[in-house]
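These are my notebook entries on a structure that I looked up. I record each point in the order in which I checked it.

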Amino acid sequence: MNKNIVILGTQWGDEGKGKIVDCLTADSSYVVRYQGGHNAGHTLVVNGKKIILHLIPSGILHNSVIGIIANGVVVSPSALIKEINMLKKNNIFISKRLFISNSSPLILQYHIEMDIAREKKLGINALGTTGRGIGPAYEDKIARRALRMEDLKNEKVLSMRLEKIVDYYNHQLVSFYKQKAIDYKTILKDLLPIIDIVHDMIQDTTCILHQAIKNNKKIVFEGAQGSFLDIDHGTYPYVTSSNSTIGGVITGTGVGPKDLSCIIGVTKAYCTRVGNGPFPTEVFDDIDKHFSNKGHEFGSTTGRKRRTGWLDTVSLSRAVKINSISSLCITKLDVLDGLHEIKICTSYKNSNTLESASFPEGDNWENITPIYETYPGWTKKTLGVKKLEHLPHEARNYINRIEEITQIPINIVSTGPDRSDIILIQDFF
Ligand code: GDP
Ligand code: IMO
Ligand code: MG
C-alpha cells in the first residue's frame with residue numbers, strides 16, 4: 001500500500017498548509033508542488049526562525065527530501081532563482097534535490113505587466129490578484145502558446161518564440177492598456193544566466209514520481225491557495241487560475257488517484273480571505289482586530305491585510321466533498337485563546353426569502369446570511385500545547401463539534417507557528 005498524502009487548503013488560502021507540509025515531510029522522501037505559482041506564500045517557522053516559500057515546496061527544509069515542481073505549476077524563473085538564493089543564505093542547499101517539470105509553463109515579465117494593467121483597468125472591480133502574472137500565464141498554457149521550462153534548453157528556439165509572443169503582448173499592452181512596450185531582448189538577456197543554474201533541474205517529473213511510487217517512497221503533495229480560490233469550484237470570478245482542489249494533483253503531476261492514500265484538508269480554526277470576493281462569515285471591528293493581531297493576518301506574499309471571519313462549516317463541508325477529504329487538520333487554534341465566545345457558521349439563509357440556502361454558485365452570494373452556533377471560549381492558553389488532553393475542554397468541544405458537522409476526523413491540531421507546536425493525533429506514515 002502506498003503512503004502518499006495530499007495536503008490542501010479548504011478555505012481561501014493561507015490556512016497554514018506550508019507548516020503542515022513541513023511537519024509531515026519529516027518522514028517522507030518527496031514533496032511536490034502541483035499547481036499555482038509564486039502567488040503562494042507558505043510560512044515555516046523552525047526554532048523561531050521564519051522562512052517563507054512561494055514556489056519551492058515546503059518540505060525542502062528537510063535535507064534528505066527531494067522537491068518537485070510539477071507540470072501544473074507556472075514557474076517564474078526569476079522568482080525561482082531568488083528563492084534558491086534565499087535558501088542558500090539560510091544554509092539550505094537544493095543541489096541535486098530539486099527538479100522542475102519540462103512542461104511547466106513559464107511566467108515572464110509580460111504576464112506580470114498584463115496582470116497589473118488589467119487590475120488597474122478594472123478599478124474598484126479589481127479581483128485583488130497578487131500581481132504575479134498567474135492568470136495570464138495560465139491563459140497562455142490553455143491557448144497553447146506558452147513558453148515552457150523545456151524551451152529554456154534551446155536558446156535559438158527560445159529567442160524566436162519570445163520575440164513572437166512579446167509582439168503579441170505588446171499590441172495589447174500599448175494599444176489597449178496604454179503601457180510601455182516590452183523588449184524581448186531584455187527578457188532573453190535576464191534569462192540566460194538563470195538557464196545555466198536551472199538547466200539540470202529540468203526533468204520529466206512525472207517519470208521521477210512514477211519511479212518513486214514503484215520504489216515505495218513516501219510522497220507529500222503540497223497544495224497552494226485554497227478550495228474556494230479554485231478556478232472551477234471557487235467563488236468565480238474571485239478565484240485564482242488553477243485547480244487548487246484535488247483534481248489539480250492528478251493533472252498537475254501525472255500521478256493517478258489510486259496512488260493517493262490520504263487527503264488532508266487544512267482548515268484555520270476561523271477563516272481568512274485576502275483579495276476581493278464573497279466571504280459570508282466576515283467580521284469587522286473587535287473580532288477582526290483579535291484575529292488580525294493575534295493571528296498576524298497579513299499576506300505572506302503581498303503583505304496585504306487579510307479579511308477575517310468565523311469558521312464556515314457550510315463551505316468546509318463542501319470542500320470535504322469536492323476533495324474527497326479523508327482527514328482534517330485544524331490550524332491556529334491558539335488564535336482563539338482569550339475570546340469570550342466563539343461562533344461556528346452551520347448553515348446559510350437567504351436574507352430576502354428567509355429560507356435556508358445552500359452553498360451558492362455564480363453571483364448568488366449577495367443575499368447569503370450565515371446562521372451561527374455560539375460556544376463559550378476559553379481563557380487557558382492553547383499556544384504550544386502538544387497533547388490533545390492538555391487542551392481546555394471548551395477547545396476540545398469546539399474540535400469535536402467540527403468533526404461532528406463534517407463527519408471527518410480531525411487528525412492534526414496546530415497550536416502555534418513553530419514546527420513543534422503541533423498535536424499529531426494520527427500517524428500518517
Ligand atoms: P499557507 O499559505 O497555507 O501555507 O499559510 P501562510 O503561511 O500564508 O499563513 C499562515 C500563517 O499562520 C503563517 O504566518 C504561519 O506561520 C502561521 N501559523 C501556521 N500555523 C499556526 C498556528 O497553529 N498558530 C499560529 N498562531 N500561527 C500559525
Ligand atoms: P497560499 O498558497 C491566499 C488570491 C489573491 C486573489 C486571487 C487571485 O499562500 O494559500 P492570483 O494572483 O492568484 O491571480 O490572485 O487569489 N490568492 C491567494 N490568497 N493565499 C494564496 O496562496 C493565494 N494565492 C492567490 O489574493 O484574491
Ligand atoms: Mg499563504
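I began with ligand 2: one of its oxygen atoms lies 2.9 Å from an N or O atom in the side chain of asparagine 39. Histidine 42 places a polar side-chain atom 2.7 Å from an oxygen atom of ligand 2, and for the side chain of threonine 130 I read 2.5 Å between an N or O atom and an oxygen atom of the ligand. In total, 20 residues surround ligand 2, and Asp14, Lys17, His42, Thr130 and Thr240 are the closest; a residue counts here if one of its heavy atoms lies within 4 Å.

I noted the basis of these values: the model is predicted, local features need pLDDT of at least 70, side-chain atom pairs need 80 or more, and totals for chains, interfaces and linings use all residues. Residues are numbered from 1 along each chain as written, chains are lettered from A and ligands numbered from 1 in written order, and side-chain values use heavy atoms without hydrogens or water.

Next I looked up the magnesium ion (ligand 3). Its protein donors are Asp14 (OD) and Gly41 (O), at 2.0 to 2.2 Å; donors are N, O and S atoms within 2.8 Å of the metal (3.2 Å for Na, K and Ca), and sites may look incomplete because water is not among the atoms. Aspartate 14 is in the loop between strand E1 (5-9) and H1, and glycine 41 in the loop between strands E2 (30-33) and E3 (42-46), 27 residues apart. Helices (H or I, at least four residues) and strands (E, at least two) are DSSP runs, numbered from the N terminus.

I then turned to helix H1 (residues 17-24), where 8 of 8 residues are buried. Buried means under 20% relative accessible area, exposed over 50%, and partly exposed in between (1.4 Å probe, protein chains only).

Which residue forms a salt bridge with aspartate 22? The partner is arginine 419, with the closest N and O atoms 2.7 Å apart; a salt bridge is a side-chain nitrogen of Lys or Arg within 4 Å of a carboxyl oxygen of Asp or Glu. Aspartate 22 lies in H1 and arginine 419 in the loop between strands E18 (410-414) and E19 (422-424), so the pair ties together parts 397 residues apart in sequence. Aspartate 22 is buried at 1% relative accessible area, whereas arginine 419 is partly exposed at 26%.

Finally, I recorded that the structure holds 14 salt bridges. Asp14, Lys268, Glu297, Arg306 and Lys332 are linked in a network of them.

Key
Polar contact = N/O pair within 3.5 Å; in protein donor to acceptor, adjacent residues only side chain to side chain.
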